[in-house]
Amino acid sequence: LALLVARTWDEGNRDFPPTTFQISNIHAGTGASNVIPGSVEVVFNFRYSTEVTADELRTAVHELLDGEALDYQIEWTHSGEPFLTPGGRLLEVTREAIRQVTGIDTTLSTGGGTSDGRFIAPTGAQVLELGPLNATIHKVDECVRLEDLERLAEIYLEIMRRLLLG
């Protein structure tokens with residue numbers, strides 16, 4: 001596991017950080033303190049960039065584990081490809097709306113996390129993710145400031161105005 005976590009999978013690129021191997025769960029043993037586990041179950045995922053494919057990652061994992069002569073099984077699942085929307089009208093209008101409502105010039109980022117955009121992007125549609133700050137996301141007492149939601153609603157409305165009314 002240390003080899004998988006420490007490995008450099010790619011260097012990332014201008015739009016994505018380098019790919020990382022994330023362990024989300026480890027389970028072994030019976031719960032007794034005097035029994036050596038006969039097996040371990042590890043749940044992991046990749047946070048990967050557009051510099052590498054899911055197939056390349058699977059192949060590299062198998063090569064690494066085979067090189068260690070391990071007895072293992074992997075049940076692969078895939079939840080979505082990384083995606084990047086090139087510049088276009090939706091992006092321009094969104095940036096203008098954010099600037100008008102907040103006075104902030106936006107910085108584009110792919111660091112927001114996973115969303116359903118991964119299912120829409122393969123259709124060829126322009127996809128962007130815009131939401132409240134996620135400083136408490138997936139933490140105890142996850143919350144969003146009411147003012148942030150109100151401002152977000154204003155931004156959404158301005159985006160619609162600009163897209164529909166020109």
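**View 1. Packing of helix 5 against helix 3.** In this predicted model, the buried residues of helix 5 pack against helix 3. The buried residues of helix 5 include Leu 152, Ile 155, Glu 158 and Ile 159. They lie on the same side of helix 5, because they cover an arc of only 125 degrees around the axis. An α-helix has 3.6 residues a turn, so residues three or four places apart point the same way. Leu 146, Leu 164 and Leu 165 are on the other side of helix 5, where they are exposed.

**View 2. Length and end of helix 5.** Helix 5 has 20 residues, which should span 28 Å at 1.5 Å a residue. The end C-alpha atoms of helix 5 are 28 Å apart, in agreement with that span. Gly 166 follows helix 5 and has a positive phi, near 85 degrees.

View 3. Helix 3 covers residues 89–102 and contains Thr 94. With a relative accessible area of 5%, Thr 94 is buried. Apart from neighbours within four places in sequence, the contacts of Thr 94 are Leu 128, Leu 130 and Ile 159. Ile 159 is also one of the buried residues of helix 5.

View 4. The loop runs between helix 4 (117–120) and helix 5 (146–165), and His 138 is placed in it. His 138 is not a glycine, yet its phi is positive, near 60 degrees. The relative accessible area of His 138 is 71%, so this residue is exposed. Asp 141 is also placed in the loop between helix 4 and helix 5. Asp 141, again not a glycine, has a positive phi of about 60 degrees. Asp 141 is exposed, with a relative accessible area of 64%.

Conventions
Residues are numbered from 1 along each chain as its sequence is written. This is a predicted model: local features need pLDDT of at least 70, side-chain atom pairs count only at pLDDT 80 or more; totals for chains, interfaces and linings use all residues. Side-chain values use heavy atoms; hydrogens and water are left out. Helices (H or I, at least four residues) and strands (E, at least two) are DSSP runs, numbered from the N terminus. Buried means under 20% relative accessible area, exposed over 50%, partly exposed in between (1.4 Å probe, protein chains only). Contact means heavy atoms within 4.5 Å. The expected span of a helix is 1.5 Å times one less than its number of residues. The arc is that of the directions from the helix axis to the C-beta atoms.
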